[in-house]
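I record what I looked up, entry by entry.

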There are 2 protein chains.
Amino acid sequence: MEQRISLVTLGVADLARAKDFYTALGWRGQEVEETVFYQAGGLALVLWDRGKLAADCGLPAGPPAGFDGIVLAHNVRSDAEVDALLEAAQRAGGTVTSPAAVNPVGFYSGAFTDPDGHAWEVAHNPGFTLAEDGSLVLPDFGG
Amino acid sequence: MEQRISLVTLGVADLARAKDFYTALGWRGQEVEETVFYQAGGLALVLWDRGKLAADCGLPAGPPAGFDGIVLAHNVRSDAEVDALLEAAQRAGGTVTSPAAVNPVGFYSGAFTDPDGHAWEVAHNPGFTLAEDGSLVLPDFGG
């Protein structure tokens, strides 16, 4: 298995609501057959019906839990960008679940959930290099 | 918000078990402070304690649901690679939840869950270009 993720698909209850949320945050994608695809660097973020997504994986959808067990992180280049994105997410209909603060590791971060409860951490972590094109390069932790 | 995902963090119940699973599939990462970081193209895949991950986002962890509501996809270059990866996942302690088959969209795919129940779709979708470096480029759907 090569070390890559090709797509991250978020199961949604209401595609229009989810699309409106990400549009308000500045995402631009393509909607085709009740699915929205966003190019996000070298992979795609996808919005698709939650029940169909579960069925596609051979899993019972069940009711959404309060916590997915998976968190996406969006790293930015300044503390001010963390604040601005959390405010934008709240205005767009998301919920700030963890207000921005210096976390125990020592960098500034916060978190929000989208209208379907999917969690995003927003972080300004100078220890993780963000390239010009937005790609992230892990440091050598020297382990 | 720029269109990118910086990290995808999987909440795990047993870090050693989760790390062993991904190691068996060929992933090589760095473990630091009870967290494993894998460079995966322009982002990082991370394994971290499920309860700490939820707390970090200000969410109650709750018990793991049968379906996260989020699915990761790993696209490959041939049908045979789909078969091989599903077999490897099963051998490594995962569960094939959807055997490989031509799906309704018309391409060959299947799905497995890792030991914590996180779902991966494995797909050979010639309609989505896989670059030499493994990055995925969405087609113009002409919408």
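Entry 1. I looked up A:Thr9 in this predicted model and found that A:Thr9 stands opposite B:Val71, a residue of β5(B). I then examined the two strands as a pair. Strand β5 of chain B covers residues 70-75, and β1(A) pairs with this strand in the antiparallel sense over four bridges.

Entry 2. I turned to β1(B) and asked how strand β5 of chain A, residues 70-75, pairs with β1(B). The two strands pair in the antiparallel sense, over four bridges. For A:Leu72, I noted B:Val8 as the bridge partner in β1(B).

Entry 3. I next looked for a partner of β1(B) within chain B. Strand β4 of chain B, residues 43-49, runs parallel to β1(B), and six bridges join the two. I recorded one partner here: B:Gly11 has B:Trp48 of β4(B) as its bridge partner.

Entry 4. Is β1(B), residues 7-12, mostly covered or mostly uncovered? I found this strand mostly covered, with six of its six residues buried. I counted a residue as buried if 20 or more other C-beta atoms lie within 10 Å of its own. I then checked the directions of the residues. B:Leu7, B:Thr9 and B:Gly11 point one way from β1(B), while B:Val8, B:Leu10 and B:Val12 point the other way. In a regular strand, side chains alternate between the two faces of the sheet. Both sets in β1(B) are buried.

Entry 5. I examined the contact between the chains. Chain A contributes 61 residues to the contact, and chain B contributes 61 residues. On the side of chain A that touches chain B, the elements supplying at least two residues each include β1 (7-12), α2 (50-56) and β8 (119-124) of chain A. Which element gives the most to that side? I found that β5(A) does, with six residues. By class, the side of chain A that touches chain B holds 33 nonpolar, 21 polar and seven charged residues.

Entry 6. Last, I looked at the domains of chain A. Chain A is divided into domain 1 (1-63) and domain 2 (65-143). Taken over C-alpha atoms, the centres of these two domains are separated by 19 Å. Their contact takes eleven residues from domain 1 of chain A and twelve residues from domain 2 of chain A. On the domain 1 side, β1 and α1 (15-24) of chain A are the elements that give two or more residues. I recorded the classes for that side as eight nonpolar, two polar and one charged residues.

Note on methods:
Residues numbered from 1 in each chain as written. Chains lettered and ligands numbered in written order. Predicted model: local features only at pLDDT ≥ 70, side-chain atom pairs only at ≥ 80, totals over all residues. Buried ≥ 20, exposed ≤ 12 C-beta atoms within 10 Å, placed from the backbone. Pairing = 2+ DSSP bridges. Contact = placed C-beta atoms within 7 Å. Nonpolar A, V, L, I, M, F, W, Y, C, P; charged D, E, K, R; others polar. Domains from an automatic or database assignment.
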